[in-house]
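Here are a few notes to keep beside you as you look around.

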Amino acid sequence: MSLSPLLTVAKVSHTYPQHDTQALCDVSFTVDAGEFWVLMGPSGCGKSTLLNVLGAMDTPTQGEVLFAGQSLSSLSDNERTLLRRTHMGYVFQFFNLIPTLTVAENVALPLQLNQRSTGLSAKSIHAKVAELLSQLGLAQRADYYPSQLSGGEMQRAAIGRALIHQPKLLLADEPTGNLDTDNGDKVLQLLSTLCKERGTTIIMATHSEDVAKLGDTVLRLRNGRIHSLSNAVGV
Ligand code: ADP
Ligand code: MG
């Protein structure tokens, strides 16, 4: 077990001001670097809200999330944006690729946004993108636009974009919810293999019990509360 967990979630509750909806209630757990966590539970139980809070996209109304020991709520908006761009990758159900950019351009985007701080040359960005596209089986699709891809290809491109900057944490919200079982399985195997090779921590929401088997830990939510945790990590 590492000394400092990658994520510490301490008594997190979240209420949306609209309709005063309580989406999370007193949620606490810790995630170590390199683990693969799966979030399950019925629609509306708080999975997306939890991912948004873990990914510094939303601030919980109570409690705290620490990323590598640092409280997310203590950061300024700019610091949070920088943290997201540097250390986090996101994969969504509806891919969210930019339609006017090619596959290679979509995947390169995070490296380009970080270019000022990393100083990476256009040539090394190109090389990194080409290598990842080939690992994703998308080398032949580099110059295609999203509308010219199958669903499975779109999601592989989105995974490329989420991993290109080697984030510490990958958050995936029902990434196969829009794919048929075969394509969904392939995408997940790839995601799981790439993350293991790179030591990336994954937290993924899914409805599929089969998908859940890929995870080290399964966290089940009910009405915004932890219903069960499949192992003893961090309870
Ligand atoms: P899940 O991803 O498990 O389906 P969500 O996190 O999306 O669940 O939603 C949890 C609860 O919060 C639901 O009751 C939902 O209606 C509510 N909710 C989600 N987003 C908002 C929002 N922007 N405003 C108000 N209520 C919301
Ligand atoms: Mg959701």
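1. Begin with β2 (21-31) and α1 (47-54), which each supply at least two residues of the shell around ligand 1; helices (H or I, at least four residues) and strands (E, at least two) are DSSP runs, numbered from the N terminus. With three residues, α1 gives the most to that shell.

2. A word on the model: it is predicted, so local features need pLDDT of at least 70 and side-chain atom pairs 80 or more, while totals for chains, interfaces and linings use all residues. Residues are numbered from 1 along each chain as its sequence is written.

3. Around ligand 1 you will find, among others, Tyr16, Gln18, Cys45, Lys47 and Ser48, where being near takes a heavy atom within 4 Å.

4. Look next at the polar contacts (N or O atoms within 3.5 Å). The side chain of Ser48 has an N or O atom 2.9 Å from an oxygen atom of ligand 1, and a backbone N or O atom of Cys45 lies 3.3 Å from an oxygen atom of the ligand. Taken alone, ligand 1 exposes 560 Å², and the protein buries 66% of that (Shrake-Rupley method, 1.4 Å probe).

5. Finally, there are two aromatic pairs, with ring centres within 6.5 Å; planes under 30 degrees apart count as stacked, over 60 as edge-to-face and the rest as tilted. Phe29 and Trp37 are stacked because their centres are 5.1 Å apart and their planes at 25 degrees. Trp37 is buried, with a relative accessible area of 0% (buried is under 20%, exposed over 50%, partly exposed in between; 1.4 Å probe, protein chains only).

Terms used:
Chains are lettered from A and ligands numbered from 1 in the order in which they are written. Side-chain values use heavy atoms; hydrogens and water are left out. Rings of Phe, Tyr and Trp (its six-membered ring) pair if their centres lie within 6.5 Å; planes under 30 degrees apart count as stacked, over 60 as edge-to-face and the rest as tilted. A polar contact is a pair of N or O atoms within 3.5 Å; within protein, one must be able to donate a hydrogen and the other to accept it, and residues adjacent in sequence count only if both atoms are side-chain atoms.
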